[in-house]
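Dear colleague,

Please find the structure below, together with its sequence.

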Amino acid sequence: MKIVNRKIGEKYSVFVIAEAGINHNGSFLIAKKLVNMAKKAGADCLKIQTHITEEEMIKTNILPGKISKKTLWSIIKNSELTEKEELTIKEYCKKKKIIFLSTPFSIPAIDRLEKINIPAYKIGSGELTNIPFLNHIAKTRKPVILSTGMSNMNEIKKSVKLFQKLKIPIAILQTTSQYPCDYENINLKVIDSYEKLFKIPVGISDHSLGIYAALGAIARGASIVEKHITLDKKMSGPDQKLSLEYSELLELVKGCNAIKLALGNSKKILKKELPVLNFARESVVIKEEIIKGEKFTEKNLTTKRPNTGEIPAKEFYKIIGKKSKKNLKKNDQLKKGDILWKRKYCL
């Protein structure tokens, strides 16, 4: 799939999404600083969340699990950005040459993002089973990245099929909706299952502490990594403590690039290994002084570095039992011409 001019998939570098989410706490200035941070660290994308509180939920005193003592309503309400602010952030991302995305949480939020011409949609785990919502996004015909937390495989299949049936590019992210997520609940091997089942780009939306799980996902074939970011973990907000500060995000980007480069599956002697091969391997060497006509045995032959002799160590046992053509000194590298051959040398 492709978002703007960025191709995403197994053949390309990892698409790193810096998830600002609501960590701007409703402040446009903090949101801009998060853009700067994401760009400086080398992320491909800065993502926020588009909340229109009255459209996405009824007023309630429900708490967001154990991650905050504030009501979900108050958290979302205090984290809203206006349409004008979101457009300005999008334009600022364009200026900084980093892709801007947002996750909508209601159909009016989708319509708002359409007004500012968002290039693709990131769908949160909570909306995976919201079929009217998914249908509304599908009508935009834009690429989709779908998180899969709190879902079973049948639900995921149904949602993926909805977009594939309409030939809309889609990628899915293995997600566990626990904040922060325990390592034993991350389930990285699900990435393998998604790749085999759906044949689409797969990644991870990681809510664990640090960058270990995200880097592990790359080793399993993830093409997308999404991590929350923050200016300071001590800031107020339910996601700040599990988010990455600048130095961690920078290390994540470096790690993604390094691991992606390391994922080859070819096993042969590389050209760049040859200098090492010459000093690290061994040649056949005279262990004890040998006189002309004496048989070569394991007592008078050995193998030693470097691998600059005419007969490599791997041919050692082809020499045993043959006779010496001349007197040989200890620590001499054995040469082809030192051996009496009954037939042509064929090592």
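**The cavity, the pocket, the cores and one threonine**

Strands β8 (170–175) and β9 (202–206) each contribute at least two residues to the lining of the largest cavity. Please bear in mind that this is a predicted model. The residues that line the largest cavity are Gln 174, Thr 175, Thr 176, Cys 181, Ile 186, Ile 204, Ser 205, Asp 206 and His 207. By class, three of the lining residues are nonpolar, five are polar and one is charged. The volume of the largest cavity is about 40 Å³, and the count of cavities of 30 Å³ or more comes to one.

Rolling a probe the size of a water molecule over the atoms shows where empty space is left. The largest pocket has a volume of about 1,000 Å³. It is lined by 40 residues, and those closest to its centre are Leu 72, Phe 105, Gly 126, Glu 127 and Tyr 179. At least two lining residues come from each of β4 (45–50), α2 (53–56), α3 (72–77), α5 (107–115) and β10 (224–228). The largest share, three residues, is supplied by α3. The lining of this pocket comprises 16 nonpolar, 16 polar and eight charged residues.

I turn next to the nonpolar cores. The largest has 73 residues, and Phe 15, Leu 46, Phe 163, Ile 172 and Leu 252 have the most contacts inside it. Helix α1 (residues 28–41) provides the largest share of this core, six residues. A second, separate core has 11 residues, among them Val 284, Ile 286, Phe 316 and Ile 319. Returning to Leu 46, and leaving out residues up to four places away in sequence, its contacts include Leu 34, Val 35 and Ala 38, as well as Ile 98, Ile 99, Phe 100 and Leu 101.

Finally, is Thr 103 buried or exposed? Thr 103 lies in strand β5 (residues 99–104). Its relative accessibility is 2%, and buried means under 20%, so Thr 103 counts as buried. The side chain of Thr 103 forms a polar contact with the side chain of Lys 47, at 2.5 Å. Apart from neighbours within four places in sequence, Thr 103 is in contact with Lys 47, Ile 48, Gln 49 and Thr 50, and also with Lys 122, Ile 123 and Gly 124.

With kind regards

Terms used:
Residues are numbered from 1 along each chain as its sequence is written. This is a predicted model: local features need pLDDT of at least 70, side-chain atom pairs count only at pLDDT 80 or more; totals for chains, interfaces and linings use all residues. Side-chain values use heavy atoms; hydrogens and water are left out. Helices (H or I, at least four residues) and strands (E, at least two) are DSSP runs, numbered from the N terminus. Buried means under 20% relative accessible area, exposed over 50%, partly exposed in between (1.4 Å probe, protein chains only). A polar contact is a pair of N or O atoms within 3.5 Å; within protein, one must be able to donate a hydrogen and the other to accept it, and residues adjacent in sequence count only if both atoms are side-chain atoms. Contact means heavy atoms within 4.5 Å. A nonpolar core is a set of buried Ala, Val, Leu, Ile, Met, Phe, Trp, Tyr and Cys residues joined through side-chain atoms within 4.5 Å. On a 1 Å grid over the protein atoms alone, a cavity is a set of points where a 1.4 Å probe fits but cannot get out, and a pocket is an open set with protein on both sides within 12 Å along at least five of seven lines; lining residues have an atom within 4 Å of a point. Grid points are joined across faces, edges and corners, and a volume is the space filled by probe spheres set on the points. Ala, Val, Leu, Ile, Met, Phe, Trp, Tyr, Cys and Pro count as nonpolar, Asp, Glu, Lys and Arg as charged, and the others, Gly among them, as polar.
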